[in-house]
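Let's take a walk through the salt bridges of this one. Have the viewer open and follow along.

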Amino acid sequence: MDTLIRHGLIVTPQGRRVASIGIQGGRIAGIYEPGSEPAAREVIDADGLAIVPGAIDMHSHHRQGSLPGFEYKDTIHTSTLQCAAGGVTTSVAMPNVQPPPNSLELLERQYDIYRSDAIVDWNFNPAPTISEEMPGMADTGIAAFKIFMVVDTGRDYPHMPGIGVHDHGKILEIMQRCAELNVPLMVHPHDQALMDVIEQKFWDRGERDALAYAKAYAAHDGVIWETAIATLLRLQRASGCHLHILHTQTAGSVELIRQAKAAGQKVTCEINPWALFLGCEWSAIQRLGSYALSYWVPEKNVPGLWEGLRDGTIDIVATDHAPHTREEKEIGWTDGWKAHTGTPSTQFYYSMFMTAALEGKISLERVVEACSAKPAELFKLANKGALKVGADADLVLVDLNKEYEVRDEDVLSLIGWSPYAGRKLKAKPVRTIVRGTTVYLNDQVIGQKGFGQHAKAVREPVAAVA
């Protein structure tokens with residue numbers, strides 16, 4: 001046996017027990033009751049620690065593309081440094097980089113950077129805006145395709161031209177193609193026509209700061225989100241594709257998705273850390289302005305969001321990790337529409353959700369399922385997300401009793417700040433293992449650039465209709 005992780009509290013969606021895990025050739029070779037362990041070349045003492053599967057983050061913005069553009073915010077290397085420190089063993093990126101990958105050639109160029117620079121395993125969600133390019137991209141083992149329904153007003157980033165799709169007919173065509181290819185479609189929901197009317201009223205009143213921006217996007221109980229989701233659900237029913245809805249943030253959205261699932265529709269969704277730990281506190285938005293936006297989630301939505309996550313209506317947790325510099329946020333104090341939208345969270349989100357479990361908001365087992373097992377299952381990431389014999393040995397050793405404070409000086413992102421700075425968390429990852437190799441230990445990332453591999457989706461082809 002290569003490695004034996006001895007006497008840890010193994011946590012899976014099915015429960016928890018004290019046992020030891022054997023690793024051979026980068027995979028889990030056995031799970032052993034105390035006293036029955038085989039000999040191993042390396043023995044890791046996990047007494048007093050939890051052993052959880054590495055998080056699989058299906059929605060992260062790594063910023064670096066195949067051409068210069070946004071790598072001053074973060075690179076693939078620095079993004080995966082944060083993953084290793086935060087217990088994320090597989091990270092899946094979004095297409096708003098320069099240039100946005102929407103062809104096989106551009107996607108392969110993107111892959112080349114991951115092959116040379118990534119510390120943890122990875123995948124990518126390209127843009128399906130060129131129909132004839134979709135089959136070739138799908139054949140590489142992508143996790144999903146991704147489109148944005150949003151148009152940025154007064155800026156061309158982070159939702160740049162070439163990745164936004166707003167015409168409902170075009171969305172239906174993309175969904176139909178995704179159904180034919182058996183590849184999920186991720187959608188950032190947004191009703192731009194409504195937003196045009198809502199934000200104009202704020203501007204007419206001279207209200208343009210970060211607080212006005214927050215209120216505009218949450219206006220009328222989140223109407224821009226819920227009308228978009230309702231449309232997407234109806235188009236999904238017409239197309240039969242696997243629709244994955246991003247940024248679930250209103251109680252009404254949860255109910256719409258719950259009803260669609262009850263009707264048998266092939267729809268899943270995610271929630272992001274900012275919806276439950278940051279944007280849901282108006283005091284945080286007053287204090288931090290654009291540094292806290294992502295979006296404002298009015299507090300009345302929070303009970304419904306937690307309930308949706310607990311009961312599985314909200315299938316998974318994903319970060320929407322979106323680093324921006326202080327300069328790109330600071331302008332929001334005067335013009336929230338010019339500040340870049342999004343907040344970083346990769347390095348701390350697994351701890352945040354496990355801390356919530358320790359506080360009784362959700363079970364630890366459900367956290368593990370939503371952060372690891374369910375993403376692997378839904379997006380067909382072979383050998384990922386499970387603590388079982390034959391699976392990749394992607395493991396995180398966590399000290400559930402260790403309290404620590406999020407500090408800007410500990411942030412591994414190039415931006416050097418976190419909107420969660422000052423927060424006290426528990427459940428600190430102390431060791432992260434990717435395919436049997438330790439990449440993080442004793443507060444240091446020790447993984448090597450290029451160690452990360454493409455965690456390919458493995459899907460059965462859809463049978464042709466006679």
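Is arginine 435 buried or exposed? Arginine 435 is buried, with a relative accessible area of 14% (buried means under 20%, exposed over 50%, partly exposed in between, using a 1.4 Å probe and protein chains only). Before going on, keep in mind that this is a predicted model, where local features need pLDDT of at least 70, side-chain atom pairs count only at pLDDT 80 or more, and totals for chains, interfaces and linings use all residues. Residues are numbered from 1 along each chain as its sequence is written, and side-chain values use heavy atoms, leaving out hydrogens and water.

Arginine 435 pairs up with aspartate 121 in a salt bridge, with the closest N and O atoms 2.8 Å apart (the term means a side-chain nitrogen of Lys or Arg within 4 Å of a carboxyl oxygen of Asp or Glu). The two sit 314 residues apart: arginine 435 in the loop between strand 17 (428–434) and strand 18 (437–441), aspartate 121 in strand 8 (residues 121–124). Helices (H or I, at least four residues) and strands (E, at least two) are DSSP runs, numbered from the N terminus. Aspartate 121 is buried too, at 1% relative accessibility. Salt bridges with shared partners also put both residues into one network with Arg27, Lys384, Asp392 and Asp394.

In total, the structure holds 29 salt bridges. Another one joins aspartate 117 and lysine 449, at 3.8 Å from N to O. Aspartate 117 belongs to helix 2 (residues 104–117), and lysine 449 lies in the segment after strand 19 (444–445), 332 residues apart. Here aspartate 117 counts as buried at 14%, while lysine 449 is partly exposed at 47%.
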